[in-house]
Amino acid sequence: MPDPPFDAFAYGHTHFRDIAWMCQNTNHLVPREVVEPAMLQAIAERRYTMYPPGKGDPELLDLVRGDLHLAADDPVILTAGGTEALYMLERAFFAPGDVLISTDPGYPIIHRFAELAGARVEALPIYEPPYRLSAERVQEAIGPKTRMLLLIDPLNPLGSGYSREEVKALAEIAHDRHLLLLDDVTYRDFPDHHTLAREFAPEETITVWSVSKNCGLAGMRLGGVAAAPKLANEIARFHTNDLGVDVVAQWAARAALRTKGSWLDAVRRQTRTNGERIREVVAGVEGTRLPVFPSQANMFVIDIAATGVTPEALQREMLLRHGVFVRAGGYVSKNFGHRFVRVSFSNPAADIERFATAFPAAMRALRAPAARAA
Ligand SMILES: Cc1ncc(COP(=O)(O)O)c(C=O)c1O
């Protein structure tokens, strides 16, 4: 019998203590004192024996509203990660034959949910400067069946960010052309400036947010969606979690959002420094380059196409031989994934130094057989 295919995540979780986790844009820099006492309190008080408040803890909902510049009575729905919010809203708004305008590279689960609802995804190729959507290209792509425009800002996986003018232009297109605008702001705390699309298209914008990346709580699975009441009511019809999302997660998110102003700058600074260090390392490896720098998020891609090394081989070599987990590009791009690996870097400096050793060594090892064969 042939060997089962190698499962990088199963391996990674088994060996997690020895691995620099740079594969999922997770944030390992939020001080543990920020969230752990709150989680322990929820456990000590045995809050897990009760259902949480069905719509969410009131203070948490207010903190989210404050964070997203919403009014006190604007609807906010809590979900198990932004992922559940994406599923709900795509079920709510797509009918068979509808079209979602998105990007390649982009975030794949959003495409999958659209297709589940019978919609077609038009993923505009953006793996060339300026590595993001432009108003002109979106205008050209809109057709009679276009239902929704997806803006991920900053963008996973490239790390590109949008200026205020660009967000405004895209929001105005959504308004003028009667489209829904899905504003995925999962990484909005990482850039220097971020603009919420809702400011320009309040009736059309659906904002999906998360505490996975900004607050370092990916494992807790908490996020949500905010939209004008008419849209929010439609989305809420598809809520499967009417008994509320994880209480320990809510307590952690509440503690993190209460205090974000006191620790976020340090997280951003370390993330930027790490990105610069990775750039130095990449500059020293022939044939590799960073298409987008600096990243406005906590990840970017390293293009290795000119080296002849495949992203899958590099992912495996770095993980198995060096304990550094980066992600092959096929996950986030149908057409360009063979060119790059994605690396995320809201990590302690020691992880980045492991990367600094592993990346050149892995590239050397993988290039050698290719060179011998030539
Ligand atoms: C663009 C984008 N949206 C949404 C998510 C979902 O995150 P979560 O379900 O952890 O909130 C991710 C996760 O990587 C993401 O990159």
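Helices here are DSSP runs of H or I with at least four residues, strands are E runs of at least two, and both are numbered from the N terminus. Before you go on, note that this is a predicted model: local features need pLDDT of at least 70, side-chain atom pairs count only at pLDDT 80 or more, and totals for chains, interfaces and linings use all residues. Residue numbers run from 1 along each chain as its sequence is written.

Now show the whole shell. Which of its 13 residues come nearest to the ligand? Pick Gly81, Gly82, Thr83, Ser210 and Ser212. Colour the shell by class and you get three nonpolar, nine polar and one charged residues. For that colouring, Ala, Val, Leu, Ile, Met, Phe, Trp, Tyr, Cys and Pro are nonpolar, Asp, Glu, Lys and Arg are charged, and the others, Gly among them, are polar.

Next, go to the loop between β5 (146–152) and α7 (164–176), where Pro154 sits. The Asp153 to Pro154 peptide bond is cis, with omega near -5 degrees.

Select His69, in the loop between α3 (58–67) and β2 (76–79); its phi is near 55 degrees, positive in a residue other than glycine. His69 counts as exposed because it has 11 C-beta neighbours inside 10 Å. The cut-offs: 20 or more other C-beta atoms within 10 Å is buried, 12 or fewer is exposed, and in between is partly exposed, with C-beta atoms placed from the backbone. Then hop to Tyr131, in the loop between β4 (120–125) and α6 (135–141), with phi near 60 degrees. Tyr131 has 17 other C-beta atoms within 10 Å, so it is partly exposed.

Last stop: the largest nonpolar core, with 108 residues, where Leu149, Leu170, Leu181 and Leu217 touch the most other members. Helix α9 (residues 247–283) gives the largest share, ten residues. Domain 1 (8–31 + 261–368) and domain 2 (34–259) both contribute, so the core lies between them. Those bounds come from an automatic or database domain assignment. A nonpolar core is a set of buried Ala, Val, Leu, Ile, Met, Phe, Trp, Tyr and Cys residues joined through C-beta atoms within 7 Å.

Methods
Near = placed C-beta within 6 Å.
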